[in-house]
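Trainee: Could you take me through one part of this chain in close detail, and then show me what lies elsewhere in the model? I would like to start with a loop.

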Amino acid sequence: RMFHDDELEESEKFYVGQPRVLLLIYALYNTLVARSEMVCYFVIILNHMISASMITLVLPILIFLWAMLSVPRPSKRFWMTAIVYTEVAIVIKYFFQFGFFPWNKYVDYTKDKPYHPPNIIGIEKKEGYVHYDLVQLLALFFHRSILKCHGLWDEDEKGDNSSNKEDTDDELSLTGGRRDSSASLKSVNLAASVESIHVHFPEQQTAIRRKSSSSISQLSHSLYFLQCKLHVIKSHCGLCCFRTLQVYVPIRQFFYNLIHPDYSAVTDVYVLMFLADTVDFIIIVFGFWAFGKHSAAADITSSLSEDQVPEAFLVMVLIQFGTMVVDRALYLKKTVMGKVIFQVILVFGIHFWMFFILPGVTERKFSQNTVAQLWYFVKCVYFGLSAYQIRCGYPTRVLGNFLTKSYNYVNLFLFQGFRLVPFLTELRAVMDWVWTDTTLSLSSWICVEDIYAHIFILKCWRESEKRYPQPRGQKKKKVVKYGMGGMIIVLLICIVWFPLLFMSLIKSVAGITNKPLDVSITITLGGYQPIFTMSAQQSQLRDLDQTDFNAFLESYRGNTAALQFLEGYGKEDITLADLEGNSNSLWTISPPSRQKMIQGLLDISAEFTVVLSWTIQRTLEEVYPFYIKAPSDSLAKPIKQLLKGMYCKWENITVSLVKNVSDEGVREWWVLNQLGKRYKKSQESLELFIFSDKVSPPSLGFLAGYGIMGLYASVVLVIGKFVREFFSGISHSIMFEELPNVDRILKLCTDIFLVRETGELELEEDLYAKLIFLYRSPETMIKWTREKT
């Protein structure tokens with residue numbers, strides 16, 4: 001070894017010999033030290049999520065628009081600003097905790113009001129008002145100590161001392177690297193004299209920039225013009241202009257250096273930004289009720305099943321989707337300036353909406369909205385990634401899909417899953433065509449994308465065949481046959497029998513007992529005025545206990561049809577309705593109708609019907625059903641399986657007219673009595689057993705509501721169509737599927753992407769014509785896809 005030290009070697013041996021738990025603690029501490037800057041960001045954002053006030057709003061905005069955009073790291077000025085601001089915020093919160101302030105006398109009444117001024121400002125009186133601020137201050141001082149240990153804390157002061165000297169053009173031109181953000185913010189030297197204000201701008205460096213030298217000369221000219229204008233300010237408004245320029249000019253210079261850097265470490269984090277937006281999109285879909293009124297439904301499936309689209313859900317989805325489209329357009333155009341403007345608009349817009357508009361819409365504070373807090377935290381991750389993308393610059397070339405960088409099973413299945421998302425592939429292809437310079441038409445562009453996707457899939461399969469080769473003349477292994485074939489067999493069987501299994505389990509396992517709330521009986525003689533009306537509610541509807549249920553089953557022993565029917569019901573599904581025998585309404589009938597009804601009853605040869613109604617009106621062959629099935633729909637039917645045998649017949653009822661003569665007149669009502677009752681045999685009453693079918697849960701009602709035939713039509717037939725297309729028509733695609741080596745075709749597609757990015761549009765047309773000719777010529781395709789020798 002070039003360097004050897006016994007003490008260092010002994011120290012390394014001692015460190016390796018420590019327990020694993022202690023090594024884990026060391027590793028966690030080293031990670032904390034290495035990422036102390038991110039720890040400060042996290043604590044500041046967490047403090048703002050919990051406090052959600054104007055006092056804590058300032059630092060998160062400064063993080064996304066200053067600290068994370070600084071190169072190579074946030075300056076000392078930012079950290080001092082954060083430390084001082086946190087200390088001032090702690091003092092302000094402490095001062096307003098005293099009880100003599102008027103708003104502190106009614107804390108219990110105003111603590112949950114989102115638009116109460118002290119709540120918005122952050123000076124309300126509450127327990128633990130300063131805990132997170134102290135943690136935030138502790139994290140800031142910890143990061144400050146780390147910077148001091150590495151000699152990075154006073155780095156800006158050294159730069160300031162050197163910049164105070166007379167810098168010449170040669171010294172500035174020899175300065176290498178990209179400006180620090182602190183130098184950007186301090187590159188303006190404004191004299192304190194109001195009579196003569198002199199602004200000094202350093203000369204532009206001669207290092208190569210992404211923009212042409214003409215833009216630099218234009219900037220120098222504009223800055224010189226601004227310098228000349230500042231020389232002539234000698235009025236009372238000079239002080240205001242001076243203060244304004246002290247803020248405006250450094251900010252302008254900071255963002256200019258950000259958009260026009262000397263050098264840029266190009267990176268590509270668009271995929272991570274897209275994933276963050278996708279997570280936010282999922283949060284909106286499954287927690288959309290958190291962004292609307294409290295009366296909004298908590299389940300999106302129940303709202304959509306009722307053909308209702310909540311306004312909050314629609315607005316949030318459109319906004320989220322719109323930002324994803326704009327982000328994709330900026331990525332394809334590779335415009336850093338547009339990304340900076342979009343970042344500023346999003347940071348201010350989302351913070352204003354989340355902390356000032358949303359609490360009024362939801363009628364609760366942001367700190368009490370867990371879903372909104374989660375959405376905001378993921379959006380902060382997106383802001384951090386966007387700032388990193390701005391700071392490093394967009395890549396000069398965007399070639400293919402990010403999932404097509406490797407040829408393995410993971411990329412293959414992820415890419416195919418990406419293509420299965422409805423309209424996602426089409427939308428991406430159209431957006432790429434709109435915002436990319438190309439000579440191809442939209443149909444030609446889509447053709448290239450489809451060929452590239454197809455060739456990528458074939459390349460993945462060919463690479464897997466090379467990794468796991470199959471010797472000639474050897475039969476397939478059982479692991480492959482039973483693994484792949486068995487999985488396909490099980491999948492096909494599940495698809496075929498899924499509707500039956502689903503309809504059987506959805507009500508027996510996850511079904512909810514739907515007990516009746518009201519049971520009504522109406523009896524009519526020959527179509528005349530109803531003679532009997534009675535209903536049972538609450539205490540008149542009782543459940544069977546286990547003893548009664550066992551006795552009920554015992555009475556049907558030997559009756560196969562009845563027992564088969566009772567298999568699907570438990571004691572909780574049966575309700576006994578006890579209806580009074582006396583009608584709850586007087587019999588009001590006109591004298592002519594009464595006389596006709598009497599004549600009809602006296603005529604033995606005439607047909608006289610008795611109509612009994614419970615849910616719908618229907619004529620019964622017998623008189624009283626005794627057992628009624630209440631299915632999930634509105635049609636209640638008598639249970640014929642239980643209407644046979646001793647206790648299983650259609651029961652007869654006695655009907656008698658009661659007349660009461662009093663001073664108020666003659667009053668009549670009908671009294672009915674069931675002969676074959678199980679309970680209360682001595683009283684005049686009616687018994688009715690109601691068997692309630694279980695209903696599917698509300699979240700699955702939209703699927704179970706179609707029934708078995710509906711599920712077969714929508715699931716088996718539709719999926720079967722796609723499966724049939726997979727197993728049929730293979731012969732027509734042999735010349736495009738059975739390609740032994742696709743490297744040349746894949747390289748041709750990549751060359752098309754490359755020349756498009758470099759602006760060689762004529763060459764793009766030529767290569768596209770070559771690709772189309774290749775697919776038109778089977779002979780050429782065979783030559784191009786031969787194995788390399």
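Mentor: Start with K334, which sits in the loop between α16 (311–333) and α17 (336–362). Keep in mind that the model is predicted. The phi angle of K334 is near 60°, a positive value, and K334 is not a glycine.

What of its accessibility? A52 has 15% relative accessibility, so A52 counts as buried.

P72 is found between α4 (54–67) and α5 (76–95). The peptide bond that joins V71 to P72 is cis, with omega at about 0°.

Now step back to the whole chain. It holds 31 helices and 15 strands, and 39% of its 789 residues are buried. Of the contacts between residues at least 6 apart in sequence, 73% join residues at least 24 apart.

The largest has 69 residues, and F64, W79, F291, M354, W375 and Y376 have the most contacts inside it. Helix α18 (residues 370–392) gives the largest share of this core, 11 residues. Apart from this core lies another one, of 22 residues, with L525, A577, L579 and I589 among them. Leaving aside residues up to four places away in sequence, W375 touches D280, I283, I284, F291, M316, Q320, I350 and M354.

A further buried residue lies in a helix. A429 belongs to helix α20 (residues 424–434), and its 8% relative accessibility means that A429 counts as buried. A429 and W445 are 16 residues apart along the chain, and their C-alpha atoms are separated by 7.8 Å.

Finish with helix packing. The axes of helix α21 (residues 442–467) and helix α30 (residues 761–776) come within 11 Å and cross at roughly 60°. That angle makes α21 oblique to α30, and the crossing is left-handed. On the α21 side the contact is made by S444, C447, V448, I451, H454 and I455, and on the α30 side by Y768, L771, I772 and Y775. By class, 8 of these residues are nonpolar, 2 are polar and none is charged.

α30 has another partner, helix α29 (residues 743–757); their axes are 9 Å apart and the angle is about 160°. The two helices are therefore roughly antiparallel, since angles over 145 degrees are given that name. This crossing is also left-handed. From α29, I745, L748, C749, D751, I752, V755 and R756 take part, and they meet L763, E764, L767, Y768, K770, L771, L774 and Y775 in α30. The contact of α29 with α30 has 11 nonpolar residues, no polar ones and 4 charged ones.

Conventions:
Residues are numbered from 1 along each chain as its sequence is written. This is a predicted model: local features need pLDDT of at least 70, side-chain atom pairs count only at pLDDT 80 or more; totals for chains, interfaces and linings use all residues. Side-chain values use heavy atoms; hydrogens and water are left out. Helices (H or I, at least four residues) and strands (E, at least two) are DSSP runs, numbered from the N terminus. Buried means under 20% relative accessible area, exposed over 50%, partly exposed in between (1.4 Å probe, protein chains only). A nonpolar core is a set of buried Ala, Val, Leu, Ile, Met, Phe, Trp, Tyr and Cys residues joined through side-chain atoms within 4.5 Å. Contact means heavy atoms within 4.5 Å. Axes are lines fitted to C-alpha atoms, for helices over the stretch in contact, and angles run from 0 to 180 degrees between N-to-C directions. Angles under 35 degrees count as roughly parallel, over 145 as roughly antiparallel, 65 to 115 as roughly perpendicular and the rest as oblique. A crossing is left-handed if the near helix is turned anticlockwise from the far one by less than a right angle, and right-handed if clockwise. Ala, Val, Leu, Ile, Met, Phe, Trp, Tyr, Cys and Pro count as nonpolar, Asp, Glu, Lys and Arg as charged, and the others, Gly among them, as polar.
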